[in-house]
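These are my notebook entries on a few places I looked up, written down in the order in which I went through them.

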Amino acid sequence: MTDVKHLYKSLKPKSYKIELGLDPDKLSFGGRVLISGILTSDSNEVTLHTADLKIRSAKINNFDVTTKTSKKEDELTLRSDLKFKSGKIDIEITYSGKINENMHGIYPSNFAHEGKNKILIGTQFESHHAREAFPCVDEPNAKATFDLSLTTPLENEVVANTPVKSEESSNNKKTTVFDTTPVMSTYLLAFVFGDMSYIEAETKNNVQVRAYATPENTEHTQFALDVAVKCLDFFDEYFEIPYPLDKCDLLALPDFAAGAMENWGCLTFRESALLVDEKNTSLGSKQWVALVVAHELAHQWFGNLVTMEWWTDLWLNEGFASWVEYLAVDELFPDWKMWEQFVTDDFMRGQGLDSLANSHPVEMSIGDPNEIRSIFDAISYNKGASIIRMLHAYMGPEDFRKGLAHYLDKHKYANAKTSDLWNALEDKSDKKIANFMTAWTSQTGFPVVKATFSDSKFELSQSRYLISPIELKKVKKSDTWPIPLDTNYSSESTLFDNEHGNWNIKTKQPTKLNSDQTGFYMVSYDSDSIKHFAGSVAKGKMNTLDRLGLLNDSFQLAKAAQGKTTDALKLLDSFDGESEGVVWDIMAGQLAALRATMETEELRELMKPYVAELVEPQLKRLGWDKNDSESHIDTLLRPTILSQASFTENRAVVKEALSRFSSMEKPEDQDPDIRGIVYATAVRELNDKATFDKLVKFYKNSSSAQEKVTLSSAITGFKHTDLIEKALSMIKSKDVRLQEVAYWIAYSFMNRHAKEQTWVWLKENWQWLEDKFGKDIMTIQSFPKYAGKVFSSKEFAAEFREFFDSVDTAGIERPIEQSLETILLLVDWKERD
Ligand code: BES
Ligand code: ZN
């Protein structure tokens with residue numbers, strides 16, 4: 001961790017007045033910022049953050065001052081021979097800057113409408129890119145008010161955090177002045193302008209809610225708008241504080257680096273996270289839209305109203321929003337069974353990353369802001385959300401909610417740290433919250449409980465779970481955690497806080513522990529207990545989340561050499577009647593993990609009859625086409641089943657897929673839920689240039705961001721070397737947006753015939769990737785990770801290390817270590833089993 005200077009210690013801005021003139025044709029802007037604040041001690045110098053701005057002039061308290069910028073530090077120092085007295089200070093700076101396509105700071109989105117090229121200009125300031133738009137103290141605790149005024153082309157729609165106060169036009173330009181914002185952090189300021197339109201609605205508390213998109217896509221914002229209004233109503237009540245602004249806009253931008261961004265009152269999204277078009281949006285994508293909308297709206301309270309003190313507490317923002325998004329969507333759509341999906345998506349993903357020796361604690365010290373992006377990962381988000389779910393269960397829902405409302409009220413328009421949350425919750429609970437939670441946020445990893453059942457009693461021990469046996473051997477003494485032990489099959493519960501212990505649960509037979517996978521831990525049972533549970537699964541006597549947890553733990557323990565792969569497979573046999581989608585996600589995922597280690601075609605062939613038998617009953621039950629009376633969950637399950645059946649080369653499935661593909665003239669001819677399987681099967685079976693060309697034509701003609709993702713998976717799926725090469729060469733072409741590049745690379749690595757070529761491509765184009773995504777650590781770190789997931793040889797590990805030793809990896813050292821660890825543990829698993 002590098003130490004960083006906090007500018008807020010010397011200068012405390014109270015208000016910013018920002019006047020910007022923007023020229024979308026020249027991709028440039030110029031303006032003036034007035035900062036009023038408090039200087040904390042007498043000084044000749046005042047320092048602000050800036051990046052890539054050209055400073056024209058500066059005054060302090062109306063006197064001209066000299067300016068000096070430091071590129072390395074992103075700093076602008078204003079100097080004078082006279083000392084400025086501590087206390088009130090007024091700074092005025094005029095400057096100009098460039099709008100570039102990096103998707104942070106002020107950046108363009110390009111799109112076509114009625115045959116014409118169009119442009120939207122928008123902003124992305126989190127985590128520390130406000131400094132690319134105006135000189136400021138760009139730190140989350142440096143909260144101030146903002147008065148924004150924008151001069152833009154006359155015909156454009158212009159949106160910012162607050163409502164429009166006034167609008168004036170002259171010379172084909174207009175100047176829009178916005179209401180003063182509440183006291184808030186710089187990273188939450190935002191604006192968007194260009195050719196777009198909207199639909200609108202109102203909440204119960206009369207907040208005006210609008211959903212904006214490019215003209216062609218505006219009709220697809222209805223679903224998101226409905227969800228937004230309902231979520232705002234829900235959060236108004238849940239948090240006991242009404243949404244603090246008069247309006248709330250949600251905007252879909254054609255170019256967007258992350259998934260979405262919670263700018264106060266001016267939420268921005270990538271199109272695939274906001275638009276729902278029944279013809280192109282699969283059910284899974286529709287759920288995703290609901291979750292993202294709920295997530296960003298939750299931040300309006302948790303993040304915007306109360307903000308983390310510093311990036312070290314990022315998990316507070318992101319972990320919490322990732323939990324509460326499920327709470328809201330579950331409230332809106334109870335039959336989607338979102339909490340079951342939480343376990344397969346967030347919980348398992350969090351445990352997945354946290355299984356590595358190279359994981360990190362939830363509370364992660366951050367020095368230099370360039371380290372920030374690397375913690376926007378499965379630990380901050382998924383583990384963060386999972387331990388909040390565990391705490392919610394531990395406290396009970398009503399105490400938890402009251403504590404939260406109290407926390408928000410106590411710290412509103414200010415900042416907070418993790419301990420402030422525990423204190424506020426403790427105020428509303430008789431439980432010791434900090435005592436319970438500290439181990440979960442400060443220690444890396446999570447425990448596995450070894451449980452041996454005899455005479456109505458479990459004998460217990462706990463230690464950190466590490467998936468790599470090589471890493472496990474290095475551990476001398478493991479940490480312990482306070483583990484909430486309970487079961488769905490008896491009413492006792494206890495907190496197991498030692499290395500060893502006993503738990504008398506008074507049942508004759510062993511019971512599955514960790515009811516509904518609420519606790520963030522794994523359980524390793526004795527083999528008699530497992531046999532007993534297998535019987536319960538087969539007889540339909542174990543609930544969905546318990547089945548899923550039991551199966552997943554048993555495969556994860558096998559990978560870690562703490563159990564046998566054959567035992568996990570035997571347990572899987574008892575799942576032959578399984579009909580729940582979430583359990584199938586785990587079954588399919590674990591089978592795919594097994595398959596990924598099989599480098600010979602022979603082995604893969606041998607696996608097919610086993611999988612075929614497992615999917616047969618569900619295939620019969622679900623078939624290809626939706627029927628009106630089926631459940632939401634079954635519609636979600638269908639693609640999983642069909643793709644497993646397609647993998648086993650089920651003749652009827654392959655035939656049907658091929659006939660559907662050949663009759664397609666455009667993507668919309670097939671249901672979006674099964675389109676991916678139709679494509680993938682055609683690609684595998686036909687493997688020819690005509691198929692490739694057809695898919696590329698679909699890609700170029702599609703205006704749906706979701707469909708483009710599906711198509712990129714198909715186009716990168718060929719076996720033929722030339723077609724793999726052609727697909728790779730598309731990545732840098734104008735047909736693929738920068739925001740899609742990561743998908744193309746990920747899918748290409750996932751194609752086992754293409755992974756070697758993709759690795760060569762990655763090495764050859766690393767500099768290009770560095771140029772485009774160098775500052776976007778979240779994207780750039782994903783590339784080594786994609787590679788690390790699909791190779792399992794010692795030779796590759798050496799090559800991987802050698803390559804990343806030879807390039808600049810500042811900020812992505814940890815993901816590289818995580819990837820190496822993954823490769824080596826797969827080598828080990830393969831050799832062992
Ligand atoms: N605050 C983040 C967006 C963000 C992430 C901005 C990293 C800058 C750097 C936002 O609230 C978020 O978490 N977005 C997620 C989607 C969410 C539903 C998990 C994303 O972008 O993936
Ligand atoms: Zn978030």
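This is a predicted model: local features need pLDDT of at least 70, side-chain atom pairs count only at pLDDT 80 or more; totals for chains, interfaces and linings use all residues.

Turning to the zinc ion (ligand 2), I found it coordinated by H295 (NE2), H299 (NE2) and E318 (OE), at 1.8 to 2.1 Å. Along the chain, I noted that the donors of this zinc ion follow the spacing H-x3-H-x18-E.

Entry two, an arginine in a loop. I located R373 in the loop between α4 (338–354) and α5 (379–395), and with a relative accessible area of 9% R373 is buried. Setting aside neighbours within four places in sequence, I listed the contacts of R373 as E126, S127, K775, D776, I777 and M778. I also checked R373 against Y747, 374 residues apart along the chain, and their C-alpha atoms are separated by 23 Å.

I looked up how helix α6 (residues 397–411) packs with helix α7 (residues 418–427), and read an angle of about 125° with the axes 8 Å apart. The two helices α6 and α7 are therefore oblique to each other, and their crossing is right-handed. On the α6 side the residues in contact are F400, G403, L404, H406, Y407, K410 and H411, which meet D420, L421, A424, L425 and D427 in α7. By class, I recorded 6 nonpolar, 3 polar and 3 charged residues in this contact of α6 with α7.

Conventions: Residues are numbered from 1 along each chain as its sequence is written. Chains are lettered from A and ligands numbered from 1 in the order in which they are written. Side-chain values use heavy atoms; hydrogens and water are left out. Donors are N, O and S atoms within 2.8 Å of the metal (3.2 Å for Na, K and Ca); water is not among the atoms, so sites may look incomplete. Helices (H or I, at least four residues) and strands (E, at least two) are DSSP runs, numbered from the N terminus. Buried means under 20% relative accessible area, exposed over 50%, partly exposed in between (1.4 Å probe, protein chains only). Contact means heavy atoms within 4.5 Å. Axes are lines fitted to C-alpha atoms, for helices over the stretch in contact, and angles run from 0 to 180 degrees between N-to-C directions. Angles under 35 degrees count as roughly parallel, over 145 as roughly antiparallel, 65 to 115 as roughly perpendicular and the rest as oblique. A crossing is left-handed if the near helix is turned anticlockwise from the far one by less than a right angle, and right-handed if clockwise. Ala, Val, Leu, Ile, Met, Phe, Trp, Tyr, Cys and Pro count as nonpolar, Asp, Glu, Lys and Arg as charged, and the others, Gly among them, as polar.
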